Amino acid sequence: MTTLVLGGTGKTGRRVADRLAALDVPVRIGSRSAEPGFDWTDRATWAPALEGVEAVYVSYYPDLAFPGAVEDIEALTALAVRCGVKRLVLLSGRGEPQAEASERIVQASGLDWTIVRCGWFMQNFSEGYLLEAVLEGVIALPVADVAEPFVDVDDIADVAVAALTRDGHAGRLYELTGPRLLTFTDVAAELSRATGRRVTYVPVTAEQYAEAAIAHGVPEEEVEALNGLFAEVLDGRNAHLSDGVQQALGRPARDFADYARANAEAWARP
Ligand SMILES: NC(=O)c1ccc[n+]([C@@H]2O[C@H](COP(=O)([O-])OP(=O)(O)OC[C@H]3O[C@@H](n4cnc5c(N)ncnc54)[C@H](OP(=O)(O)O)[C@@H]3O)[C@@H](O)[C@H]2O)c1
């Protein structure tokens, strides 16, 4: 009855794995640092990770919208079926046509599937690539005055674990957002309140963003893909709320202000 948690050391996967372990569900982490190792770029590592596995949580890396993701999800899903997996929960992105292509593959797999389609993670500001920006006090992204309903990763993990361990979630697509639309300027204000330090938001051009990211060591292809993602999903198409957390768990989603208060330690200076 082992559950394989792909990306099990990352933002959602780590929380999913912890919750499963607390429920006494046998967990296998699927990532490059796990044993056996799982690497999306080395398909020879996939079958050993899937051996004896009943359910899989799929958090793809780097992003379902990036080139090659659809092919990887197609191959992994087919292999999961061949290995005898029964249930698969896919972490997906919101407003990304490429992510929807992966969703369709999972939906057609014959497995008991659940899609957890998410807006931008709140934890990008405390555990992800925007942590450094928050610590420096300036968030600079190629995004205009567009509102996004940021979602708490703890809510995502709660939904994923419900789908992995309880009945009633197979064949469901849950679209998860937080309860409030926020622009990046609003986010900076929330973070300023929570940290007691001034955090500002500065919209920049895609070229300025690329220059700064490359200077920080982000590979050029990744910067290009990220710029494409910002332009695509932050063009206003996602500026609306969804009630996936309420649907899946019967409770409201956590607000950004609560997230910021609870995570204030992440921004405490040593
Ligand atoms: N961030 C968002 O706002 C957001 C919103 C909606 C959906 N998503 C989706 O969330 C997923 C990624 O989440 P994230 O960006 O927050 O990353 P993450 O889950 O925080 O971290 C990366 C995880 O992937 C593993 N990993 C990295 N490279 C890998 C590789 N080559 N093969 C296997 N595992 C690898 C890492 O472990 P090791 O280093 O040990 O390999 C770690 O467990 C993407 O599919 C994305 O579409 C993200």
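Student: Which residues of α6 are buried?

Tutor: This is a predicted model. Buried means under 20% relative accessible area. In α6 that picks out V153, D155, I156, A157, V159, A160, V161, A162, A163 and L164.

Student: Is α6 largely enclosed or largely open, and how many of its residues are buried?

Tutor: Helix α6 has 13 residues. It is largely enclosed by the rest of the structure, because the buried residues number ten of the 13.

Student: How far apart are the end C-alpha atoms of α6, and what span should its residues give?

Tutor: Helix α6 covers residues 153-165. At 1.5 Å a residue, the helix should span 18 Å. The model agrees, for the end C-alpha atoms are separated by 18 Å.

Student: Which residue caps the N-terminal end of α6?

Tutor: Look at the backbone nitrogen of D154. A side-chain oxygen lies 2.7 Å from that nitrogen. The oxygen belongs to the capping residue, D152.

Student: How many helices and strands does the protein have?

Tutor: Both kinds of secondary structure are present. The count is eleven helices and eight strands.

Student: What is the radius of gyration, and why does the protein count as compact?

Tutor: The globule rule gives 18 Å for 270 residues. The protein comes close to that value, so it is as compact as a globular protein of that length. Its radius of gyration is 18 Å.

Student: What box do the C-alpha atoms fill, and what share of the residues is buried?

Tutor: Along the principal axes, the C-alpha box is roughly 50 × 40 × 40 Å. Of the 270 residues, the buried share is 52%.

Student: How many residues surround the ligand, and which are the closest?

Tutor: The shell holds 24 residues. They divide into ten nonpolar, ten polar and four charged. The closest are T9, S31, R32, S33 and Y60.

Student: Which side chain has an N or O atom 2.6 Å from an oxygen atom of the ligand?

Tutor: R32 places a polar side-chain atom 2.8 Å from a ligand oxygen. D39 has a polar side-chain atom 3.0 Å from a nitrogen atom of the ligand. The 2.6 Å distance to a ligand oxygen belongs to S33.

Student: What percentage of the ligand's area does the protein bury?

Tutor: Start with the ligand taken alone. It then exposes 900 Å². The protein buries 86%.

Student: Which peptide bond is cis with omega near 10 degrees?

Tutor: Most peptide bonds are trans. The bond from E35 to P36 is cis, with omega near 0 degrees, and P36 sits in the loop between β2 and α2. P62 is in the loop between β3 and α3. The cis bond with omega near 10 degrees runs from Y61 to P62.

Student: What is the phi of D24, and is D24 buried or exposed?

Tutor: Most residues other than glycine have a negative phi. D24 is not a glycine, yet its phi is positive, about 65 degrees. D24 lies in the loop between α1 and β2. Exposed means over 50% relative accessible area. At 70% relative accessibility, D24 is exposed.

Student: How far apart are the C-alpha atoms of Q246 and L173?

Tutor: Q246 belongs to helix α10, residues 244-249. It is partly exposed, at a relative accessible area of 38%. Along the chain, Q246 and L173 are 73 residues apart. Their C-alpha atoms are separated by 13 Å.

Conventions. Residues are numbered from 1 along each chain as its sequence is written. This is a predicted model: local features need pLDDT of at least 70, side-chain atom pairs count only at pLDDT 80 or more; totals for chains, interfaces and linings use all residues. Side-chain values use heavy atoms; hydrogens and water are left out. A residue is near a molecule or strand if one of its heavy atoms lies within 4 Å of it. A polar contact is a pair of N or O atoms within 3.5 Å; within protein, one must be able to donate a hydrogen and the other to accept it, and residues adjacent in sequence count only if both atoms are side-chain atoms. Accessible areas come from the Shrake-Rupley method with a 1.4 Å probe; for residues, only the protein chains shown count as cover. Ala, Val, Leu, Ile, Met, Phe, Trp, Tyr, Cys and Pro count as nonpolar, Asp, Glu, Lys and Arg as charged, and the others, Gly among them, as polar. Helices (H or I, at least four residues) and strands (E, at least two) are DSSP runs, numbered from the N terminus. The expected span of a helix is 1.5 Å times one less than its number of residues. Buried means under 20% relative accessible area, exposed over 50%, partly exposed in between (1.4 Å probe, protein chains only). The radius of gyration is taken over C-alpha atoms; the globule rule is 2.2 Å times the number of residues to the power 0.38.
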